[in-house]
Every structure is written in structure tokens, then in C-alpha cells.
Amino acid sequence: MASFAQRGNKILARVNIKGYPPQGKVFASKAEAEDWATTIETAMKEGTFSEAPVAADVISVADLIDRHVAKYLTAPVQKNKIAKWRYGLIKRYLGHYNNKTLTKTVIAEFRDKRLLTCKASSVVRDMDALHGILKKAKRDWGLKINEDVFEVMKPIFYNKRDRRLTPAELDALYRSLDECRNPYMVPITKFALATAMRRGEIISLRWDRIDFERRTAYLPITKNGRPRLVPLSSAAIEILNGMARDDERVFPITEHVIDSTWRRAVRRAGIEDFHYHDLRHMSLSAMSKKIPNVIELSRISGHVNISMLDRYYHTTPEELALKLG
């Protein structure tokens with residue numbers, strides 16, 4: 001059956017009928033939403049419904065984005081909120097174009113306009129998001145897309161970081177985090193340094209997925225979509241042994257709390273240009289000295305593409321000089 005919800009000044013229509021995947025689309029008026037829902041329901045009941053929009057040769061970029069958002073970004077998680085914001089931005093610039101009028105010239109102009117107001121890295125994410133929807137429209141939804149839209153050059157930028165804390169800075173950070181009065185911030189920071197796990201992986205970790213005998217932590221969901229076992233060092237085990245077990249999650253804390261607490265703690269400690277994700281850089285850099293085999297190191301870090309590990313593997317010229325003898 002159909003349901004309708006207000007989304008700002010627009011109406012989101014959803015159709016849920018047993019035997020078919022949920023359908024959703026955003027309209028400017030309730031009447032348009034009801035007409036669309038009736039058409040979809042009728043097609044499903046008559047057995048003529050197809051997800052691929054083959055009946056429409058021309059569909060606007062705004063409609064493609066709305067369809068993608070309604071189908072794939074329904075859960076109210078933080079990453080989805082960021083994605084929805086980015087799709088909304090793309091709609092403002094390109095929403096009135098359709099799959100036939102959207103050309104590489106149009107996208108190049110979009111790129112250049114965005115570069116006037118934001119960093120190259122943001123523009124690359126904008127273009128990746130747009131290309132993702134266009135590829136889905138072509139491969140999964142049967143639309144004809146101008147092939148040249150994928151040829152537009154993305155801005156080139158260098159985002160490899162090599163920010164590592166000195167021992168004095170690390171001590172200052174721990175003291176500052178301890179002053180935040182959140183009992184999880186210090187252990188979660190130490191655990192990140194001991195394991196090189198991503199923030200999302202750490203806060204999703206559950207006690208029943210830790211094998212203290214084998215010294216491993218099982219992650220059913222990771223950034224690359226593959227489950228993995230994380231080896232735990234003696235330092236990581238010691239941190240876990242010092243944690244209370246009154247929750248099924250090892251660190252019952254949210255990314256939002258970590259972000260806000262982290263910013264205050266770093267500022268209070270007088271530390272400049274150090275992000276939470278830099279802990280992963282520090283950890284993998286330290287591990288690379290104990291485990292020089294890059295294949296083994298990738299098993300710890302969870303990188304499928306070993307070349308991506310280069311973003312996190314950092315050694316100084318002085319350290320390399322010592323290795324040369």
C-alpha cells in the first residue's frame with residue numbers, strides 16, 4: 001500500500017506491496033505523488049511492474065537522485081545524512097538537466113563552479129557521487145547515458161597526511177581526554193593506536209566477537225564490505241581487560257560524541273592539525289617497523305588494495321638511512 005510523508009516543501013511517496021521491493025519517489029505536490037503511487041500499485045497488482053524505467057527515455061537528474069535516495073538512503077545514519085546533503089547540492093546545480101542533455105561540458109562547468117567555493121577533494125566527492133548514480137541508471141535501470149560524462153577530468157589534489165604526535169603531545173592528549181569525563185575516550189584512543197582499526201569498526205565491536213584465547217576480533221562489516229579478523233596485540237588485550245562489560249558493545253559510544261569530544265580535547269591540549277583518523281596513520285606506521293611485510297600488514301589494516309596502504313605507511317628519511325647502514 002502507498003504512504004506519503006512531508007519532506008520540506010515536497011512529498012515523498014512510498015509503495016510497499018508484498019513480493020516487490022519498496023518503491024519511493026519525491027514529488028512537488030500530493031496529487032502528483034498519489035497519481036504515481038496509484039500507477040505503481042496497479043502495475044504491481046497486474047504483474048506488469050518493472051523497476052527499470054524503460055518506459056521513460058528522458059529522466060531528469062533530480063528524479064534519478066530522488067529515486068536513488070528513496071531506495072538506498074532510507075536509514076537515518078550519519079553517512080546517509082552527508083550523502084543526502086551532497087545529492088541535494090548536485091540537484092541544485094544539475095537537477096534540471098536530463099540523461100540526454102547532461103554532457104561532459106555541463107559537468108565540467110559544474111566542476112569549475114564548485115572549485116571556486118570549495119576544496120578539490122570535495123569536488124571529487126561530488127563528481128564521484130554523480131557518476132555513481134549515472135552508472136546505476138545505465139546498468140541497473142536501463143537508461144541511455146552520454147558516455148562522455150565519465151570522461152571529465154577530476155581535480156587533482158594531494159591528501160596524504162603524515163601527522164604523528166610526539167610523546168609529549170600524546171601525553172597531553174590523554175590528559176585532555178581524561179578531563180572530558182567520558183570514560184570511553186581514553187581507552188578508545190589507546191585501542192585505535194593498538195589495533196589500527198577504523199573508528200566505525202571500533203564502535204561496532206561487540207564482546208561476543210572477541211576471542212581472547214586466539215587474540216582476535218571479528219568484524220562482520222568493514223569499509224570495503226568484507227568481514228575480517230583483526231589480530232589483537234598484548235596492549236589491545238590489556239585495554240579490553242580493563243573495560244567494563246555491562247553492554248554488548250565494547251565501546252558504547254557514537255561517532256558524533258567522539259567527534260565533538262575529540263575536537264574539544266585536541267583544542268584544550270594545544271595540539272594543531274591532528275584528526276582522529278590520524279591515529280590509524282600512527283598505528284600502521286608503528287606496526288610497519290615490527291611487520292615490514294606489506295602483505296601481512298594489509299591483513300591487519302584491512303586494505304584489499306595494497307597500494308592504498310601507502311596512504312598510511314609512513315617512514316622518515318632518517319629511518320630509511322638507518323636501515324641502509
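Arg86, Arg114 and Asp126 are linked in a network of salt bridges. A salt bridge here is a side-chain nitrogen of Lys or Arg within 4 Å of a carboxyl oxygen of Asp or Glu. Before we go on, please note that this is a predicted model, in which local features need pLDDT of at least 70 and side-chain atom pairs count only at pLDDT 80 or more, while totals for chains, interfaces and linings use all residues. Residues are numbered from 1 along each chain as its sequence is written, and side-chain values use heavy atoms, with hydrogens and water left out.

**Charged pairs**

Side chains of opposite charge can pair when their charged atoms come close. A search of the whole structure finds 15 salt bridges; the table shows three of the pairs.

| Pair | Closest N and O atoms |
|---|---|
| Arg86 and Asp126 | 2.4 Å |
| Arg199 and Glu255 | 3.5 Å |
| Arg206 and Asp208 | 2.8 Å |

Let us begin with Arg86 and Asp126, whose closest N and O atoms are 2.4 Å apart. This pair links distant parts of the chain: Arg86 is in helix H3 (residues 78-94) and Asp126 in helix H5 (residues 120-139), 40 residues apart. Helices (H or I, at least four residues) and strands (E, at least two) are DSSP runs, numbered from the N terminus. Arg86 and Asp126 are both buried. For these words, buried means under 20% relative accessible area, exposed means over 50%, and partly exposed lies in between (1.4 Å probe, protein chains only).

Next come Arg199 and Glu255, with 3.5 Å between their closest N and O atoms. This pair also links distant parts of the chain, with Arg199 in helix H8 (residues 199-204) and Glu255 in helix H10, 56 residues apart. Arg199 has 23% relative accessibility, so Arg199 counts as partly exposed. Glu255 is partly exposed too, because its relative accessible area is 22%.

In the pair of Arg206 and Asp208, Arg206 is partly exposed at 24% relative accessibility, whereas Asp208 is exposed at 55%.

**Aromatic rings**

A pair of aromatic rings is described by the distance of the centres and the angle of the planes. Rings of Phe, Tyr and Trp (its six-membered ring) pair if their centres lie within 6.5 Å; planes under 30 degrees apart count as stacked, over 60 as edge-to-face and the rest as tilted. Six aromatic pairs turn up in a search of the whole structure. One of them joins Trp262 and Phe274, a tilted pair with 6.0 Å centre to centre and 35 degrees between the planes. Trp262 lies in helix H10 (residues 255-268) and Phe274 in the loop between H10 and helix H11 (278-290), so this pair ties together parts that are 12 residues apart in sequence. Trp262 is buried at 5% relative accessibility, and Phe274 is buried at 4%.

Which residue forms an edge-to-face pair with Trp262? The partner is Tyr276, at 5.2 Å centre to centre and 80 degrees between the planes. Tyr276 is in the loop between H10 and H11, so its pair with Trp262 ties together parts that are 14 residues apart in sequence. Trp262, Phe274 and Tyr276 form one aromatic cluster.

**Strands**

Two strands pair if DSSP finds at least two bridges between them. Strands E4 (residues 210-211) and E5 (residues 216-219) pair in the antiparallel sense over two bridges, and Thr216 in E5 is the bridge partner of Asp211. E5 is also joined to strand E6 (residues 228-231) by four bridges, again antiparallel.
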